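Here is a short briefing to read alongside the model on your screen. We start with a pair of helices, then move to the metal site and the overall build.

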Amino acid sequence: MSKTILEQVLEANQNFVSEWAEVQGQHKAPVSKIPSKELAIFTCMDTRLVDFLEGAMGIQRGEAKVIKNAGNTVASPFGVVIRSLVMAIYALGVKEIIVIGHLDCGMATATAEGLKEKMIARGIAPEAIKLVEGALTQWVDTFHHPIENVAGVVSAIRENPLIPKDVPVHGLIFDPDNGRIDLIVNGYDSIGK
Ligand code: ZN
């Protein structure tokens, strides 16, 4: 019988920990939770970005906070993304934010209607769907293109009353096939740097 994902992960971890112990033995200094580049990156949960995006940005372990969700979207003025940024800025020394979306984002083709149908098919109570219907439409059906989304999210973060005005918020777009990054918004333009 093939191993479950959970078994694979736990087994991989045993090997990882013993190899890591050897490496740690050579380089004793632990990595700080304070990001050395004073940077927060907000990006998508896309599979193709795993073990790829950071390298493409020249970011290494310990250098940046990374926040991810579906389509790097900001749903509300004090939702989880803004909360994470608030924590990053006020508790963890972040002074700069990069929003980086990617081409071929799954959010661009998803629809609220399609999601609702699939939820019904999986036995989700219609009353439960009714409760989030408005939010679902507002979130999924307003995502038309990843570049447009990045620009909108940069504005939403910059205009959020809890984000200090001296924090530059940049917008980038990533190609998940070849690793190329293009600049959409230069956050320094808005803070006069
Ligand atoms: Zn995506």
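In this predicted model, helix α4 passes helix α5 in a right-handed crossing. By class, the contact between α4 and α5 is made up of eight nonpolar, one polar and two charged residues.

**The α4/α5 pair**
- Helix α4 spans residues 112-121 and helix α5 spans residues 126-140.
- Their axes come within 9 Å and cross at roughly 155°; because angles over 145 degrees count as roughly antiparallel, α4 and α5 are roughly antiparallel to each other.
- On the α4 side, the residues to look for are A112, L115, K116, M119 and I120.
- They meet P126, I129, E133, L136, T137 and V140 of α5.

**The zinc site**
- Three residues coordinate the zinc ion: C44 through SG, H102 through NE2 and C105 through SG, at 2.0 to 2.3 Å.
- Along the chain, these donors follow the spacing C-x57-H-x2-C.
- H102 has a relative accessible area of 1% and C105 one of 5%; since buried means under 20%, H102 is buried, and C105 is buried too.

**The protein as a whole**
- You will find six helices and five strands, running α-β-α-β-α-β-α-α-α-β-β from the N terminus on.
- The C-alpha atoms fill a box of roughly 60 × 55 × 35 Å, taken along the principal axes.
- The protein has 193 residues, and 33% of them count as buried.
- Among contacts with a separation of 6 or more, 74% come from residues 24 or more positions apart.

Notes:
Residues numbered from 1 in each chain as written. Predicted model: local features only at pLDDT ≥ 70, side-chain atom pairs only at ≥ 80, totals over all residues. Heavy atoms only, no water. Donors = N, O, S within 2.8 Å, 3.2 Å for Na, K, Ca; no water. Buried < 20%, exposed > 50% of the residue type's maximum accessible area, 1.4 Å probe, protein only. Axes fitted to C-alpha atoms, helices over the stretch in contact; angles between N-to-C directions. Helix = DSSP H or I, 4+ residues; strand = E, 2+ residues; numbered from the N terminus. Parallel < 35°, antiparallel > 145°, perpendicular 65-115°, else oblique. Left-handed = near helix turned anticlockwise from the far one by under 90°. Contact = heavy atoms within 4.5 Å. Nonpolar A, V, L, I, M, F, W, Y, C, P; charged D, E, K, R; others polar.
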